[in-house]
Each structure stands twice: as C-alpha cells, then as structure tokens.
Amino acid sequence: MKLNFFNRKLSKSLSIEKLFSFIIPEIDKLGYDTKIINNPYDLNILGVIKSILFFRSKKATINHITGDIHWLAIFLNPKSTVLTIHDLVGLTQLSGLKRWIFYWFWVYLPIKRLKYITTISQKTKKEIVELLPWAEHKITVIENCLTFSAKKVEKIPHETTQILIVGTRVNKNIETTFSAVKDLPVELTIVGELSKKQLQYLKEHNIRFKNKINISEEELQQIYFESDILCFPSLYEGFGLPILEAQASEVAVITSNISPTKEVAGKGAILVNPLDKNEIKKSIELLMNDAEFKKSLINSGLENIKNYSPQMIAKKYSELYKKMMK
C-alpha cells in the first residue's frame, strides 16, 4: 500500500517532522510503501495555489497530512486522506483576521471535508468536539511518541542544581518559573529565543541562566542529560513532548496539573498549579533536598515512557489506515 506523508515547508521549527521521523520507519516495518513529501512553497496566495497543485499530483493510496498545512485537506479525496491535528492554540493566541483564517482553513473546513481525523491527546479532541460537536465520530486519538531513545546515563553531580526550560512562547508560562527560582541557588538552561522583557527580568533578579537557540537534536539530548529538573508549568499544550524527553533522560519533572500534561506525565512528575509560583518553588526545593524522592520520581518516569514507544504509536496509525482501506 502506498502511503504518502504530507508535511509543511521545512523550517527551523520542526517538532512535527521530528515526531513523524520516528513513527514513519516503524510504519515502514509494518509493510507500507511510505514517502515523505514536504511543501516546497511559501504560504502566500500564489504559494498556496502552487502547493495545492503540487500535492494533488503526489496522491497515493492513503495521504496523511501530518499537521500545520490543514487547509490542504480541503482539496484532497476525503476518504483516502487523514489529518493529524496537534492543537488549537491558534484560536487562543490569534485575533482578528488571522483568527478567522485559522478557524476556517485550519479547523472548520478541513474537519468538515475529511472522514478521518487524528489528534495527539484527548484534550485536543475535546476542544474540537466542544467547537464542532458533529465531528466527534471522525476523530481518533493517537498520542505522540518518544522522539529519542531512552538510555542509562551517568549523571554528574552539579554544584548548582540545573533546571531546564523548553520553549519560550506565552503558553509555556516561563515567567512564573523565573519568579519561583529567583531566590534559589539554581541555574536555568532555557531552550528557545527569549524576549527583551524575559531577558530583562532574568538580569534584574540576577538569575543564572544559559540560553540555547537553534540547536541540533544531539545538542538538545545532551542538554537533557546534563539537567537535574525539567520545569514545564505550561498553560496550554496539545501534548507535552518535553515531559517524555526528560523522563527518558532521567530528569525529574515538574509540570502542570492540567490536561494533557498530567496524563502524559503519568506518575513520573510533580503536578503543580502552573500559576502558583510558591507551589513551583516548593516542588523544586523538594527535589533539591530529597534525593530518595527524586530517584523514585525518575524511576516512575522511566516506566511511563514505555507507553509511548514509536512502535506502539505506529501500530495505532496502521489500524486506522486499514480501517480507511475498508
């Protein structure tokens, strides 16, 4: 069976492509003839028209739109196309004309057109159903997988507790973490570009930090291995992949007590109110001062990631493809 994966134009932000780069080889092993096709055009009016013609010429037995070019679904066969929706964060962060475009061309029309939709969490499915109740029967939840191999690492003790922050967008809520740690003897490693306001706060409060931008996968994995705690009190996530990445790297996790992060973390994290800086601070202090508790939390994380192997997720997609063929 020929199976094509349709991706957005390659960019520096490749979280979706990174995810499917682990899933697709496992789908290959299940007997599919897969091909990855990236959009070669920009997202302007002419580029969208060219993209539609380009992808229509690349159709296979099954076409899987892996995300962020949802509008393409409007122009493909609804019975042989599946769209993966990662989140609806655009509806919360956009306004005016941009929000209108996002709603119609990334949400309503693609979902109305297609027969098969997947989401990466029950949270995203719930958001879609609240918006479009008639779409519930179309949606299958297939979670993200762990995107690098778990391996035993020799942790080198640090003089200063190393806290990792992954992502700097508004929904990542990193300012609350800054406020929580400003009086603690810790050092932050922040992955993602910081705003002027964020940099100013760090410097004004003498918070020790390192900022990593445009790093490779190898560098990111090394950063995880060198960290003691992942602080991830996000206000909104479609899934929360850094939680699994930290657990696989034997890093203690602090994350939000909201969906989907609490489900993704399982028993391998301290769950906190993401808006309560004192709760975050106490959680960090607990991990700094109680080595046995920290070790047990890490071990729970290692058990949790077994539920998110690429092999397991590939099998779930395969079941959907077989359903589509019937």
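The legends below describe close-up views of a predicted model.

**View 1**
Asp228 sits in the loop that runs between α8 (217-225) and β10 (229-232). With a relative accessible area of 14%, Asp228 is buried, because buried means under 20%. A polar atom of the Asp228 side chain lies 2.7 Å from the backbone nitrogen of Gln162. Not counting residues up to four places away in sequence, Asp228 touches His158, Thr160, Thr161, Gln162, Val251, Ala252 and Lys294.

**View 1. Helices α11 and α12.**
Helix α11 covers residues 277-289 and helix α12 covers residues 291-304. Their axes come within 5 Å and cross at roughly 105°. Angles of 65 to 115 degrees count as roughly perpendicular, and so α11 and α12 are roughly perpendicular to each other. From α11, the contact is made by Leu286, Leu287 and Asn289. From α12, Ala291, Phe293, Lys294 and Leu297 take part. By class, the residues of this contact are five nonpolar, one polar and one charged.

**View 2. Helices α6 and α11.**
Helix α6 (residues 174-181) packs with α11 at an angle of about 60°, and the two axes are 8 Å apart. The two helices are therefore oblique to each other. Their crossing is right-handed. On the α6 side, the residues in contact are Thr176, Ser179, Ala180 and Val181. On the α11 side, they are Lys277, Ile280, Lys281 and Ile284. The contact of α6 with α11 has four nonpolar, two polar and two charged residues.

**View 3. Helices α9 and α12.**
Helix α9 consists of residues 241-248, and its axis is 8 Å from that of α12. The two pack at an angle of about 115°. This makes α9 and α12 roughly perpendicular to each other. The crossing of α9 and α12 is left-handed. Leu244, Gln247 and Ala248 of α9 meet Gly301, Leu302 and Asn304 of α12. In this contact, three residues are nonpolar, three are polar and none is charged.

**View 4. Ile69 in a loop.**
Ile69 is placed in the loop between β3 (62-65) and β4 (81-85). The relative accessible area of Ile69 is 1%, and the residue is therefore buried. Leaving out residues up to four places away in sequence, Ile69 touches Phe6, Asn7, Arg8, Phe55 and Trp106. Ile69 and Glu303 are 234 residues apart along the chain, and their C-alpha atoms are separated by 34 Å.

Leu275 is in the loop between β12 (270-272) and α11. At 63% relative accessibility, Leu275 counts as exposed, because exposed means over 50%. Apart from neighbours within four places in sequence, Leu275 is in contact with Thr176 and Leu235. Thr176 belongs to α6 and takes part in the contact of α6 with α11. Leu275 and Lys294 are 19 residues apart along the chain, with 23 Å between their C-alpha atoms.

**View 5. The peptide bond between Ser259 and Pro260.**
The peptide bond that joins Ser259 and Pro260 is cis, with omega at about 5°. Pro260 is located in the loop between β11 (252-256) and α10 (261-265).

Asn206 is not a glycine, yet it has a positive phi of about 55°. Asn206 is found in the loop between α7 (196-204) and β9 (208-212). Asn206 counts as exposed, at 66% relative accessibility. Asn214 is not a glycine either, and its phi is positive, at about 55°. Asn214 lies in the loop between β9 and α8. The relative accessible area of Asn214 is 58%, and Asn214 is therefore exposed.

Note on methods:
Residues are numbered from 1 along each chain as its sequence is written. This is a predicted model: local features need pLDDT of at least 70, side-chain atom pairs count only at pLDDT 80 or more; totals for chains, interfaces and linings use all residues. Side-chain values use heavy atoms; hydrogens and water are left out. Helices (H or I, at least four residues) and strands (E, at least two) are DSSP runs, numbered from the N terminus. Buried means under 20% relative accessible area, exposed over 50%, partly exposed in between (1.4 Å probe, protein chains only). A polar contact is a pair of N or O atoms within 3.5 Å; within protein, one must be able to donate a hydrogen and the other to accept it, and residues adjacent in sequence count only if both atoms are side-chain atoms. Contact means heavy atoms within 4.5 Å. Axes are lines fitted to C-alpha atoms, for helices over the stretch in contact, and angles run from 0 to 180 degrees between N-to-C directions. Angles under 35 degrees count as roughly parallel, over 145 as roughly antiparallel, 65 to 115 as roughly perpendicular and the rest as oblique. Ala, Val, Leu, Ile, Met, Phe, Trp, Tyr, Cys and Pro count as nonpolar, Asp, Glu, Lys and Arg as charged, and the others, Gly among them, as polar. A crossing is left-handed if the near helix is turned anticlockwise from the far one by less than a right angle, and right-handed if clockwise.
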